[in-house]
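Subject: Structure handover

Hi,

Here is the structure I promised to pass along. Have a look first, and then read on for what turned up in it.

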Amino acid sequence: MRKLANSELQRLEIEEFKKATKTPLIVILDNIRSLNNIGSVFRTCDAFLIEKIFLCGITATPPNKEIHKTALGATESVDWEYVKSTISVVERLKSEGIRVISVEQTEKSVMLNDFQPNLATKYAVIFGNEVKGVEQEVVSASDGVIEIPQYGTKHSLNISVSAGIVIWDLWKKLNQ
């Protein structure tokens with residue numbers, strides 16, 4: 001078996017990406033500290049044609065050398081916007097009819113493998129701070145909460161890993 005060269009992968013050019021039909025999914029980053037995590041989320045969003053990323057609170061914004069190191073140019077393809085207040089983004093999106101879901105561990109969270117999105121609905125998923133998670137006020141304002149099942153000794157996954165798992169799962173379910 002031969003590995004494919006980059007030229008054989010048939011990836012979109014940035015202008016083609018901008019014009020392509022996007023996955024009806026928005027990503028919200030709530031106070032993410034790590035520039036590498038931010039860049040990784042951009043790269044994942046590029047891979048699955050995610051509509052937009054909202055960078056909120058202390059989450060850094062492009063252009064930034066450390067974000068670029070892991071985003072590898074995805075900050076140029078994926079649409080993004082900085083908004084200081086995560087709760088204001090949640091309220092705005094909900095007023096536009098978008099269903100807002102926090103990715104967190106809560107009393108009534110739905111396990112990701114059990115979550116079945118409505119194919120006629122646009123979703124926004126919120127990923128929280130590496131230490132504190134999604135702010136409680138934001139969780140309370142969300143339409144629902146999904147949780148990634150975990151079976152080991154640790155309480156959480158890295159935010160970029162969580163984003164990869166959730167975005168892939170939702171992309172798969174939304175593109176059935």
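First, a term for what follows: a residue is buried when its relative accessible area is under 20%, exposed when it is over 50%, and partly exposed in between, using a 1.4 Å probe and protein chains only. The model is a predicted one, so local features need pLDDT of at least 70 and side-chain atom pairs count only at pLDDT 80 or more, while totals for chains, interfaces and linings use all residues. Residues are numbered from 1 along each chain as its sequence is written, and side-chain values use heavy atoms, with hydrogens and water left out.

N31 has a positive phi of about 60° although it is not a glycine. You'll find N31 in the loop between β1 (23–30) and α2; helices (H or I, at least four residues) and strands (E, at least two) are DSSP runs, numbered from the N terminus. N31 counts as buried because its relative accessible area is 15%. The backbone oxygen of N31 is reached by the side chain of N129 at 2.8 Å. That is a polar contact, meaning a pair of N or O atoms within 3.5 Å; within protein, one must be able to donate a hydrogen and the other to accept it, and residues adjacent in sequence count only if both atoms are side-chain atoms. N129 sits in the loop between β6 and α6 (136–141) and is buried too, with a relative accessible area of 13%.

L72 is another residue other than glycine with a positive phi, near 50°. It is in the loop between α3 and α4, and L72 is exposed, at 56% relative accessible area.

There is also a cis peptide bond joining P62 and P63, with omega about -5°. P63 belongs to the loop between β2 (50–56) and α3 (65–71).

**Helix α2**

(The expected span is 1.5 Å times one less than the number of residues.) At the N-terminal end, S34 caps α2, with a side-chain oxygen 3.2 Å from the backbone nitrogen of N36. After the helix comes L49, whose phi is positive, near 50°. The buried residues of α2 are N37, I38, G39, V41, F42, T44 and C45.

**Cysteines**

How many disulfides does the structure hold? The count is 0, a disulfide being a pair of cysteine sulfur atoms within 2.5 Å. For C45, the nearest cysteine sulfur is that of C56, 13 Å away. C45 is buried, with a relative accessible area of 0%, and C56 likewise counts as buried at 0%. I87 lies in helix α5 (residues 86–95) and is buried, at 15% relative accessible area.

**Pockets**

These come from a 1 Å grid over the protein atoms alone: a cavity is a set of points where a 1.4 Å probe fits but cannot get out, a pocket is an open set with protein on both sides within 12 Å along at least five of seven lines, and lining residues have an atom within 4 Å of a point. Grid points are joined across faces, edges and corners, and a volume is the space filled by probe spheres set on the points.

The largest pocket holds about 510 Å³ of space. It is lined by 16 residues, and R11, L12, D46, A47 and S77 are the closest to its centre. Two or more lining residues come from each of α1 (14–19), α2 (35–47) and α4 (74–77), with α2 giving the largest share, 3 residues. By class, that lining has 9 nonpolar, 3 polar and 4 charged residues. Here Ala, Val, Leu, Ile, Met, Phe, Trp, Tyr, Cys and Pro count as nonpolar, Asp, Glu, Lys and Arg as charged, and the others, Gly among them, as polar.

The second largest pocket has about 370 Å³ of space. Its lining has 21 residues, of which V103, E104, S156, L157 and S162 lie nearest the centre.
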